[in-house]
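Here is a short briefing to read alongside the model. Keep the sequence and the 3D view open as you go.

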Amino acid sequence: MINPALCTEEEIAAFVRAFYTRVRNDELIGPIFNAHVHDWEHHFVLLTDFWSSVLRGSGRYSGTPMQKHTALEELKPEFFERWLKLFRQTLDEQPNEAMRERATAAAERIAQSLWYGWQMDKYPDRMPTDLPPAA
Ligand code: HEM
């Protein structure tokens, strides 16, 4: 449920910065991000707006994430699993429990939908597969 009282903008900004710092240093998915993200400060602000819209309903984000991800040549379930693992690890350090729960649930749903969308874009004649359940 979208709820402006769930967390503060500062909590989201701190979380996003910590998360993408992990991501860009990750040996598996870091290289993908480093190949596409040329301005990390801009990415932090963009993704803070995204999570602010998802969690607080601020409406600050108005991008097209599906197109950004279908534009990536190679995606696979292992990449999403790693992304989600780093996301959960970073959230575990956040004191706001309600935010942790909402953000985890939203990330899992969005990851699944991006994976479906990517498969439908690359292999429209195949039945898309699910991501494996969270470890
Ligand atoms: C396999 C996992 C993932 C990879 C490798 C990945 C990779 C990327 C990359 C490289 C960009 C920058 C694209 C560009 O600027 O050209 C990006 C942007 C973005 N990603 Fe992901 N991503 C993943 C999963 C996710 C998930 C699960 C979410 C949401 C829960 C997400 C949300 C976004 C958003 C909102 C943007 C900004 C799109 C825009 O420019 O408006 N990503 N991602």
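Which residues in H5 are buried? They are Pro77, Phe79, Phe80, Trp83, Leu84, Leu86, Phe87, Thr90 and Leu91, where buried means under 20% relative accessible area, exposed over 50%, and partly exposed in between (1.4 Å probe, protein chains only). This is a predicted model, in which local features need pLDDT of at least 70 and side-chain atom pairs count only at pLDDT 80 or more, while totals for chains, interfaces and linings use all residues. Residues are numbered from 1 along each chain as its sequence is written, and side-chain values use heavy atoms, with hydrogens and water left out.

**Helix H5 and its cover**

- Helix H5 covers residues 77–92, which makes 16 residues; helices here are DSSP runs (H or I, at least four residues), numbered from the N terminus.
- From its first C-alpha to its last, H5 reaches 22 Å, close to the 22 Å expected at 1.5 Å a residue; the expected span is 1.5 Å times one less than the number of residues.
- The buried residues of H5 are covered by parts that include helix H1 (9–24), helix H2 (30–36), helix H3 (40–56) and helix H6 (97–122).
- As a general point, an α-helix has 3.6 residues a turn, so residues three or four places apart point the same way.

**The ligand and its iron**

- His69, placed in helix H4 (residues 65–70), is the only protein donor of the iron atom of the ligand, through NE2 at 2.0 Å.
- Donors are N, O and S atoms within 2.8 Å of the metal (3.2 Å for Na, K and Ca); water is not among the atoms, so sites may look incomplete.
- The ligand is surrounded by 21 residues, and the closest are Phe33, Tyr61, Lys68, His69 and Trp83; a residue counts if one of its heavy atoms lies within 4 Å.
- Tyr61 has a polar side-chain atom 2.6 Å from an oxygen atom of the ligand, and His69 has one 2.8 Å from a nitrogen atom of the ligand.
- Such polar contacts are pairs of N or O atoms within 3.5 Å; within protein, one must be able to donate a hydrogen and the other to accept it, and residues adjacent in sequence count only if both atoms are side-chain atoms.

**Salt bridges**

- The count comes to nine salt bridges, each being a side-chain nitrogen of Lys or Arg within 4 Å of a carboxyl oxygen of Asp or Glu.
- Arg17 and Glu41 meet through their side chains at 2.9 Å, N to O. Arg17 lies in helix H1 and Glu41 in helix H3, so this pair ties together parts that are 24 residues apart in sequence.
- Arg17 is partly exposed at 39% relative accessibility, and Glu41 is partly exposed at 46%.
- Arg22 forms a salt bridge with Glu93, with the closest N and O atoms 2.9 Å apart. That pair links distant parts of the chain, with Arg22 in helix H1 and Glu93 in the loop between H5 and H6, 71 residues apart.
- Both partners are partly exposed: Arg22 has a relative accessible area of 26%, and Glu93 is at 49%.
- Lys122 and Asp121 also meet in a salt bridge (3.4 Å, N to O).

- Arg56 sits in helix H3, and a polar atom of its side chain lies 2.9 Å from the backbone oxygen of Pro4.
- Leaving out residues up to four places away in sequence, Arg56 touches residues including Ile2, Cys7, Ile12 and Trp51; contact means heavy atoms within 4.5 Å.
- Gln94, found in the loop between H5 and H6, is buried, with a relative accessible area of 12%.
- A polar side-chain atom of Gln94 lies 3.4 Å from the backbone oxygen of Thr90. Not counting residues up to four places away in sequence, Gln94 touches Glu11, Phe15 and Arg100.
- Leu72 lies in the loop between H4 and H5 and is buried, at 13% relative accessible area.
- With residues up to four places away in sequence set aside, Leu72 touches Ile32, His36, Trp118 and Lys122. The C-alpha atoms of Leu72 and Trp118 are separated by 8.6 Å, although the two residues are 46 residues apart along the chain.

How values were computed: Helices (H or I, at least four residues) and strands (E, at least two) are DSSP runs, numbered from the N terminus.
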